[in-house]
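Here is a short briefing on one protein chain. It covers the domains, their contact, a salt bridge and some backbone details.

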Amino acid sequence: MAIRVAQIGTGNVGGHALKALINNPEFELTGVWVSSQAKAGKDAAELAGLPDSTGITATTDLDQVLATGPQCAVYTAMADNRLPEALDDYRRILAAGVNVVGSSAVFLQYPWQVFPQEMLTPIEDAAREGNSSLFVNGIDPGFANDLLPLALAGTCQSVQQVRCMEIVDYATYDSATVMFDVMGFGKPIDETPMLLHPGVLSLAWGSVVRQLAAGLGIELDEVTERYVRDPAPEDFDIASGHIPKGSAAALRFEVLGMLDGQPAVVLEHVTRLREDLRPDWPQPAQPGGSYRIEITGEPSYAVDICLSSPNGDHNHAGLVATAMRVVNAIPAVVAAAPGIRTTLDLPLVTGRGLYSPG
């Protein structure tokens with residue numbers, strides 16, 4: 001019997017998730033929530049870019065979606081700039097007895113010792129009340145820095161450090177909110193964006209280093225962060241808008257899990273808006289971008305993950321991978337024990353039933 005699923009959010013990630021829910025017979029779409037009146041009333045197929053009507057129209061009323069009786073909700077709504085609202089959404093959905101898989105907020109990948117417990121407790125209480133489970137993941141934070149590095153570490157005799165890197169050109173990433181408001185690209189170098197306020201990097205990606213440490217069975221002494229930005233050498237445009245000369249155009253940051261004065265687990269991002277910026281920083285394994293896992297140990301590993309797609313570039317492929325990481329986990333999450341579930345809890349999600357010959 002198909003699993004009844006609702007889609008919450010139809011943006012860059014949600015559109016791909018919605019398409020999968022409509023096309024995969026393992027799922028039955030029950031409802032769609034959208035954040036804007038411009039999308040309300042539209043058929044789910046139109047929002048997913050599909051030709052045939054589903055008969056299910058989008059609404060801005062979350063209660064109306066929950067009333068359709070889903071067993072699981074796919075939550076891809078923006079959370080970075082509306083965190084209190086997103087957390088309340090999770091609480092309401094879980095308390096209603098609906099399991100959730102989501103791509104945001106990213107710290108929910110592994111929130112313990114990362115997110116204030118007083119803000120996490122209502123979500124944990126709602127999961128107990130509704131006998132429901134929550135799994136937040138994607139590609140980064142997600143499988144590129146939890147599932148894959150821990151699988152590699154499982155073949156080591158000893159591990160001195162695990163480093164997970166995203167090395168990506170974001171010029172084609174079309175989200176002005178994320179690019180300008182959250183990450184601060186196109187803004188003056190001396191202006192601190194949301195992402196770079198003290199503690200925010202450790203909140204957003206602290207889940208990565210904490211979960212890696214848990215997988216390795218170690219207790220970190222602390223999590224620290226550092227970053228450097230570089231200005232645009234001239235005016236140029238990206239998918240999200242205009243980048244003035246002298247404004248922020250490249251960003252490199254690290255979130256470091258420290259043990260005995262040494263970085264035991266590290267999350268590093270190298271983000272450019274043009275491939276010629278900061279050539280001295282780490283370079284991707286393919287044009288546009290890649291993910292890299294480096295394990296220092298016995299044996300050591302250096303593994304590059306190169307995403308591509310016949311329907312777009314590396315950023316398009318990353319959005320599809322993010323959506324499908326959580327959509328494909330739906331059966332495992334529905335079957336899981338109540339509470340916040342992580343990659344360390346769930347069985348291996350293999351892509352069962354996804355083979356297509358053409």
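Helices (H or I, at least four residues) and strands (E, at least two) are DSSP runs, numbered from the N terminus. This is a predicted model, in which local features need pLDDT of at least 70 and side-chain atom pairs count only at pLDDT 80 or more, while totals for chains, interfaces and linings use all residues. Residues are numbered from 1 along each chain as its sequence is written, and side-chain values use heavy atoms, with hydrogens and water left out.

**Domains**

- The chain divides into domain 1 (3–136 + 317–340) and domain 2 (147–306); these bounds come from an automatic or database domain assignment.
- The centres of the two domains, taken over C-alpha atoms, are 26 Å apart.
- Domain 1 gives 14 residues to the contact and domain 2 gives 18 residues, where contact means heavy atoms within 4.5 Å.

**Between the domains**

- The size of an interface is often given as the accessible area lost when the parts come together.
- Here about 1300 Å² is buried between domain 1 and domain 2, and carbon and sulfur atoms give 61% of that area. Buried area is the accessible area (1.4 Å probe) lost by two parts on being put together, summed over both.
- On the side of domain 1 that touches domain 2, 8 residues are nonpolar, 4 polar and 2 charged. Ala, Val, Leu, Ile, Met, Phe, Trp, Tyr, Cys and Pro count as nonpolar, Asp, Glu, Lys and Arg as charged, and the others, Gly among them, as polar.
- There are 0 salt bridges between domain 1 and domain 2.

**Salt bridges**

- The structure holds 17 salt bridges, each a side-chain nitrogen of Lys or Arg within 4 Å of a carboxyl oxygen of Asp or Glu.
- One of them pairs the side chains of E234 and R274 (2.9 Å, N to O).
- This pair links distant parts of the chain, 40 residues apart. E234 sits in the loop between β8 (222–231) and β9 (236–238), and R274 in the loop between β12 (262–272) and β13 (289–298).

**Backbone details**

- Most residues other than glycine have a negative phi, and most peptide bonds are trans.
- S104 and A105 are joined by a cis peptide bond, with omega about -5 degrees. A105 is in the loop between β5 (99–102) and α5 (117–130).
- The bond from D140 to P141 is also cis, with omega near -5 degrees. P141 is in the loop between β6 (133–136) and α6 (147–153).
- D260 has a positive phi, near 55 degrees. D260 lies in the loop between β11 (248–259) and β12.
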